[in-house]
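Hello,

Here is the structure you are taking over. Please look through it first; my notes follow below.

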Amino acid sequence: MTATATMGRARLLGGRLVIRNLWFTLLLGLVGFLVITPLFLLLLNSFDVGIPGKEAAYGLDAWIRGYETPGIERAIYNTFSLAITRSLIATVVGIFIAWLLARTDIPFKGGFEFLFWISYFLPALPVALGWILLLDPKFGLINEWLVSLPFIDEAPFDIYSYWGIIWVHLTATTIGIRVMLLTPAFRNLDAALEESSRIAGAGTMQTLVRIIVPIMMPPILIATILGLIRSLEAFEIELILGVPIGLDVFSTKIYEFVVNEPPDYSSAAALGSFFLVVLLILVGLQQYYLRGKEYTTVTGRGFSARPIPLGLWKWPAFALVLIIVLTVTAIPTGFVFVGTFMQLFGYFHIADPWTLDNWRQVLADPILIRSFWNTLKLGIGSALVGVLFCCLIAYVVVKTRYAGKELLDFLSWLPYSIPGILLGLALIWTFLLIHQVVPIYGTMLALIIAMALSRLPLGVQVIKAFLLQIGNELEESSRVCGGSWFYTFRRVLFPLLSPCLIVVGLLIFITAARDIGTVVLLATGKTRTLSLLMLDYTVGAELERATVVACMIVLMVVVGAVLARALGGQFSIRS
Amino acid sequence: MASVLSLQGVSKWFGDVKAVDRLSLEIEEGSVFTLLGPSGCGKTTTLRMIAGLEWPDEGEIVLKDRTIVSVERGIFVNPEKRNMGMVFQSYAIWPHMTVFKNVAYPLQLRRHSQREIREKVLRALELVGLAGFEDRPAPNLSGGQQQRVAIARALVYEPEVLLLDEPLSNLDAKLREQMRLDLKLLQLRLGITVVYVTHDQLEALSLSDEVVVMNHGQVEQYGSARELYDEASTPFVRDFVGKTVLLKGRLRTVEGTELEVALSDIPDAVFHCPNPGMSGLDVGQDVFLSVRPEDVEVGDDLDGRQGNLLQGVVETALYVGERSECQIRVGQQSILLYLPRHQVVRPQQAVSVHLPRQAVKLWPA
């Protein structure tokens, strides 16, 4: 019976549907090529032991070399230790803040949520620069102030340390992402669950610990795994704060292999392959955990539950969240801004500490102007390319019965497990491979593709969630009353989808403006972006210039984040 | 009357499940034709194939004289080329447009002039009782109003056939009753052919000229509302359309047009009913005796009745306003019966139950 069915269908499909499927298959092929080839080449090249430019020869030398590098065990240990430690701290803090913002009558909650949103988007390097001004062991303002106290003799804090790195990460995005994902999830929790616990005789805190947190375990776990995956790919903070004191992580080791003379791409690939496997397992676990769970979209809209009165604790709680939110936003960025006016970064006690020269010099620098335009090109280009592909993929996955849609969905998820620096490394080989046919290596297009690819998982997720809310019947009713597929798309789907597409575009733009890891290995002198210029200045110890560039990047990112929020930016989390 | 829409041997598989199984239908011009059945019986899939939203795996669909689907000949007319109107279960009102724009959309597609569009839209809105609502944004409408907009949008371009997919199921009970009446009046006025899909037998019976009861993708029975209710031809139709009391028994004798049945559960209970000439019933066979609850009489003293009596005990009596719904235990079994609103019974009360012989039907067990 089934055989006849398939035959009947096949006959009918002859013609139009096959042509439509052909387009879908082309899309699948392109996405597949751009996602799978880099990973394959990464693995392949890790076994390449030939001399560069000569015939390739294969062996395990690079793996042995890579893993025999002095300090490599230490670097791997550091990577996990740093990521797990700050993930745990951030999750605990995040749960508490999310609960305060979503379920209690804490004042100014909308504003707080917005500021955490901003903090999630703040680029890491400017935050690190801000904290250097405050916590440097020699000239850090907080240290100086504490030493001036009678009973403290030496600087208590050192930003260039294990805990310094954790501190900067926590204040950059690690807490922000928890609050952003968990607050809406807490808000959607049925208030009756909480109220029945109160009626049964439990206090507010008892209810939080014994009822709310256990019930919210799925979203909490997801937010934690998500944060952990992102933590494992951290790069620039470790490069600035860890490498000077000999504290390496895997991403800085890969960077070292590539930028050393002569570069050792094979060992970098060997190291990267190992981390890729770890991340794939983590992402796999996350997906397995999410399998079959109901998909709920979490929006910024409020839930009508009556907030829990905090009573006497209201203002202390407010003060605490205020301090945290300022620590993750205004304090680091404010001090970066202060830093731009200093003769010598961090030295407040020299004869004439303040100057406008940094702004004057940097703004007159043709390199800066070029980097600025490059950033704009990269941001706008990757936003357009990214939105187009995310939209197409999400549409095929949600709205069609195309046979390969599951595979397409999976492929669009895969870049999620590839750290930026690995993606960049892997794309170098991919672009070299196709260089004869499509010469894009070394061009801006190469960076645009890399950025769009790295944001594919997020974009597809957001648009998919949105498309799921648009019932098929809205399209079908247009078809029945006479609209063709394209007319329906233009008049019905596109107007409904456009706010979501703009938000995705802005999110990609923001990521492109702040990104370092993905583009650092792909960019050339001609395609260098503001972020890379800032990194160069920082590594070259020209911190005054770095802060000026940092301010410009922060400004672009904040404007983008505010716009995205205003247009109803939403993140989905399956719970 | 001429058939306006005809389905011939139409099938549809979803994976290995055959949702619609070689279905053939003839739908007459100007009639209300209803597909009735439980969820998953293939009724909505059938409607969507008529609309062109699903591709059949076999069979043909002919609209007037035009073949719009033929799997064998590789014909498939896209939904937008079929000139049908459809009201969806969710109404599918486009939220980014006003009421006017929603209704004007199909006319814009057909390139009518601005003036003509305005005239037709206003007339359609008046027809569904929404005059003056044209500038409302669509999301600011209540469920009933959205449904009226959906009907206006489906009618405004005078389609050949109007397809309705459970259009009343999202309305509250009062509104549903009102809209059922309005729909019937509107259809009578316009004389349009309607294909109606519902799982609600009340809607099906009250609105339709012809009802098809579907199960497992196939036709169980078709006919007028009365035929289905009074003369169910399969056990499925008997149980799905209306409520039925079933009692197990054995056929004792057949005497001319008179059948005699002994109940299995209750010793000495003998029932008589007319022989409808149903074939395949033999003396000594196990049978089911069926009767509509509203045909059954319940009382303390029914001695005046000639036989067909049972003794029972009231278990529960739920007063629901227009009647009481009683569970009455007879023998091993508990049966649901409807009592007139003024008749008061109490739990544990012993009652007599009378099944009038004309109302009783026999089914092979």
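Helix 6 of chain A and helix 16 of chain A are roughly perpendicular to each other (the word covers angles of 65 to 115 degrees; under 35 counts as roughly parallel, over 145 as roughly antiparallel, and the rest as oblique). Helix 6 (residues 124–135) and helix 16 (residues 330–339) of chain A pack at an angle of about 75°, with their axes 7 Å apart. Axes are lines fitted to C-alpha atoms, for helices over the stretch in contact, and angles run from 0 to 180 degrees between N-to-C directions. Helices are DSSP runs (H or I, at least four residues), numbered from the N terminus.

Before going further: this is a predicted model, in which local features need pLDDT of at least 70, side-chain atom pairs count only at pLDDT 80 or more, and totals for chains, interfaces and linings use all residues. Residues are numbered from 1 along each chain as its sequence is written, while chains are lettered from A and ligands numbered from 1 in the order in which they are written.

On the helix 6 side of that packing, the residues include Trp131(A) and Leu134(A), and on the helix 16 side they include Phe335(A) and Val336(A). The contact (C-beta atoms, placed from the backbone, within 7 Å) divides into ten nonpolar, three polar and no charged residues. Ala, Val, Leu, Ile, Met, Phe, Trp, Tyr, Cys and Pro count as nonpolar, Asp, Glu, Lys and Arg as charged, and the others, Gly among them, as polar.

Helix 20 of chain A is largely enclosed by the rest of the structure, because twelve of its 14 residues are buried (20 or more other C-beta atoms within 10 Å; 12 or fewer is exposed, in between is partly exposed). Among the buried residues are Gly420(A), Trp429(A) and Phe431(A).

By contrast, Asp153(A) is exposed, with 8 other C-beta atoms within 10 Å. Asp153(A) sits in the loop between helix 7 (141–148) and helix 8 (162–187) of chain A.

As for the two chains, 22 residues of chain A are in contact with 27 residues of chain B. On the chain A side, helix 1 (2–13), helix 22 (472–480) and helix 23 (485–514) each give two or more residues. By class, that side has eight nonpolar, nine polar and five charged residues.

Regards
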